[in-house]
Amino acid sequence: MASIDTKDPADASGEPGPSAPTASGAPGTATGTKPAPAPGGKATGDLAGLEAGLDALDTAVVQRQPWLRTLASKAGPPLAAVAIVLVLWQLAYHFQLKDHYLLPSPVDVYRSLQQKWLDGTLLGYVWTSVSRGALGFVASVIIGTPLGLIVARVKVVRAAIGPILSGLQSLPSVAWVPAAIIWFGLSDATIYAVVLLGAVPSIANGLVAGVDQISPIYLRAGRTIGARGLTGVRHILLPAALPGYLAGLKQGWAFSWRSLMAAELIVNAADLGTGLGQLLEQGRELQDMSWVLSAILLILIVGIGIELLIFAPLERRVLRSRGLLGKS
């Protein structure tokens, strides 16, 4: 009697058929073990997904907002603060906390500014002070930067003049005005000397603080690749100390602007031109409080404008380059 072949058709052709269940109930080999995943399969995909998830956690995602909303979020709080100050000022004028000739209203101050604008002298006052402040600040940077590097890197120099720089930074700039007048007379040299003495210590101390915060590994890495001397200063030291240096520059500008106003208040001569400080002193001599408050307002506007237009963008760029501020 012929036997009946029970093989699977695939077995007849030599190809392996479906695996029969083993004793353990798992398909596959006789021992019931699972076949190893093929390279590039599910395990690799899971690992890639995990890495992408970790990268996403480290990435600051800032969604782009409509420009009107961005403008409102940035300009709204300062404008609200200004509005509150004007309302309180107007209330003080209305209830006559001081006589009107001692405390004019915001409208009176606006009319004083408008009159100087119509006279064509307002921009001249502002330009005289801004040009003096900018020139004095640039000179302070040129002097204060190498001085700060020397103090930061040479221990003997730091021990000798480091405390002197800190003391000069805390000294009011107006204290230098009488000495500068004796040295240079009523001239532009007196004004620039006061600005330099006020700004250079701040810039130097800011750079010293920035250098002190550099990790030693950066300096060792720079020496390893041959960055020594001026090359090391340019490519290693200054970039690594940039946050502290920038803070010193901001403070140096503030001190130079304050020093300039102190010098202009006292150094007053016909051939020097009229800056905002001289304008403020003229208002005091005429007992015109609208004039005085107008000059104070212009000094404040220039200081805020320089901060917002120059130093704030520089600070954002430095923070963004170091990954401390997300890109919008």
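This is a predicted model: local features need pLDDT of at least 70, side-chain atom pairs count only at pLDDT 80 or more; totals for chains, interfaces and linings use all residues.
Helices here are DSSP runs (H or I, at least four residues), numbered from the N terminus.

Residues are numbered from 1 along each chain as its sequence is written. Local features need pLDDT of at least 70, side-chain atom pairs count only at pLDDT 80 or more, totals for chains, interfaces and linings use all residues, and side-chain values use heavy atoms, with hydrogens and water left out.

Now to a helix pair. The axes of α6 (residues 155–170) and α8 (residues 188–212), lines fitted to C-alpha atoms over the stretch in contact, with angles from 0 to 180 degrees between N-to-C directions, come within 9 Å and cross at roughly 125 degrees. That makes α6 oblique to α8, since angles under 35 degrees count as roughly parallel, over 145 as roughly antiparallel, 65 to 115 as roughly perpendicular and the rest as oblique. Among the residues that meet are R158 and L165 in α6, and P201 and D212 in α8.

The structure also holds 4 aromatic pairs (ring centres of Phe, Tyr and Trp, its six-membered ring, within 6.5 Å; planes under 30 degrees apart stacked, over 60 edge-to-face, the rest tilted). One of them, F137 with F311, is edge-to-face, at 6.1 Å centre to centre and 85 degrees between the planes. F137 lies in α5 and F311 in α13 (residues 289–321), so the pair ties together parts 174 residues apart in sequence.

Conventions: Helices (H or I, at least four residues) and strands (E, at least two) are DSSP runs, numbered from the N terminus. Contact means heavy atoms within 4.5 Å.
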